[in-house]
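These notebook entries record what I looked up in one structure. I set them down residue by residue and then turned to a pair of helices.

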Amino acid sequence: MTICLVTDRRRLAPADAPLDASRRCLVAQARHAADAGIDIIQVRERDLEAADLAALVADLLAVTRGTATRVVVNDRLDVALACAADGVHLRGDSIAVEAARRLAPRGFLIGRSVHGVDDAAQTAGADYVIAGTLFPSESKSAAQTLLGLDGLRAIVAAVGVPVLAIGGITEDRFEEVAAAGAGGVAAIRLFMEPEASGREIDRSSCRAIPLVGVVERVRAQFDRV
């Protein structure tokens, strides 16, 4: 199964933290991810300008070099190619997978976001898809339509590549997600210190934590299913 950590510096570090501080926090998280054997880090910092995003991607590539962890850039194919990242993750409304593949080098990983079975046709040529939002999630609007387990099953049946579930993924839901046919999970909050940890938060705080335990638990539950 495949595990994907999706970055969000504004939740990993205080929202008012300077960029250099949140960048150091993301690097610390990436180091923990590589140590734990997480398969993919998706750099999803959509508000960053190209230069700042490229600098961050370069930092994460340096941390993960020589490990099994691959770094992909959310939607910014130009930045991914310029930084020699391991791949790109395309949004549902982005360019076609085939168009990205024509520009990419051999072995370049291409993922695609889908929100329902009707999006399955857009996944042709992708290496994996991320399907969601599965369950209620803090990072998504409460008004957003949820995919649910039935929607996940329909997408799994419609595409020929691994489907990673995203949205409200918590440890008590690993088993039912695996039983629905998912090939793995993608998450943000799952891979950081809980907000209710009791630790005092200031601008220098960082919620990056060791991830070996949670990775072992998710793999074990998927293996059982």
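**Entry 1: Cys 4.** I began with Cys 4, which is buried at a relative accessible area of 0%; buried means under 20% relative accessible area, exposed over 50%, and partly exposed in between, with a 1.4 Å probe and protein chains only. I note here that the model is predicted, that local features need pLDDT of at least 70 and side-chain atom pairs pLDDT 80 or more, and that totals for chains, interfaces and linings use all residues. Residues are numbered from 1 along each chain as its sequence is written, and side-chain values use heavy atoms, with hydrogens and water left out.

I placed Cys 4 in strand S1 (residues 2-6); helices (H or I, at least four residues) and strands (E, at least two) are DSSP runs, numbered from the N terminus. Leaving aside residues up to four places away in sequence, I found that Cys 4 touches Ile 40, Gln 42, Ile 130, Leu 164, Val 185, Ala 186, Ala 187 and Phe 191, where contact means heavy atoms within 4.5 Å. I also looked up Gln 221: from Cys 4 it is 217 residues away in sequence and 16 Å away in space, C-alpha to C-alpha.

**Entry 2: Arg 9 and Glu 45.** I next located Arg 9 in helix H1 (residues 9-12) and Glu 45 in the loop between strand S2 (40-43) and H3. Arg 9 is buried, with a relative accessible area of 8%, and Glu 45 is buried as well, with 3%. Which contact joins their side chains? I found a polar contact of 2.9 Å between Arg 9 and Glu 45; the term covers a pair of N or O atoms within 3.5 Å, and within protein one must be able to donate a hydrogen and the other to accept it, while residues adjacent in sequence count only if both atoms are side-chain atoms.

Not counting residues up to four places away in sequence, Arg 9 touches Leu 19, Ser 22, Leu 26, Glu 45, Asp 47 and Leu 48.

**Entry 3: helices H2 and H3.** I then examined helix H2 (residues 19-36) and helix H3 (residues 50-64), whose axes come within 9 Å and cross at roughly 30°. H2 is therefore roughly parallel to H3, a term for angles under 35 degrees. The contact is made by Leu 19, Arg 23, Leu 26, Val 27, Ala 30, Arg 31 and Ala 34 of H2, and by Asp 52, Ala 55, Leu 56, Asp 59, Leu 60, Val 63 and Thr 64 of H3. I recorded its classes as nine nonpolar, one polar and four charged residues.

**Entry 4: backbone points.** I looked up a cis peptide bond, which joins Gly 132 and Thr 133 with omega at about 5°. Thr 133 lies in the loop between strand S6 (128-131) and helix H6 (148-158).

Asp 75 has a positive phi, near 70°, in a residue other than glycine. I placed Asp 75 in the loop between strand S3 (70-74) and helix H4 (77-82), and at 23% relative accessibility Asp 75 counts as partly exposed.

Ala 84, not a glycine, has a positive phi of about 60°. I found Ala 84 in the loop between H4 and strand S4 (87-90). Is Ala 84 buried or exposed? Ala 84 is exposed, with a relative accessible area of 59%.

Note on methods. Axes fitted to C-alpha atoms, helices over the stretch in contact; angles between N-to-C directions. Parallel < 35°, antiparallel > 145°, perpendicular 65-115°, else oblique. Nonpolar A, V, L, I, M, F, W, Y, C, P; charged D, E, K, R; others polar.
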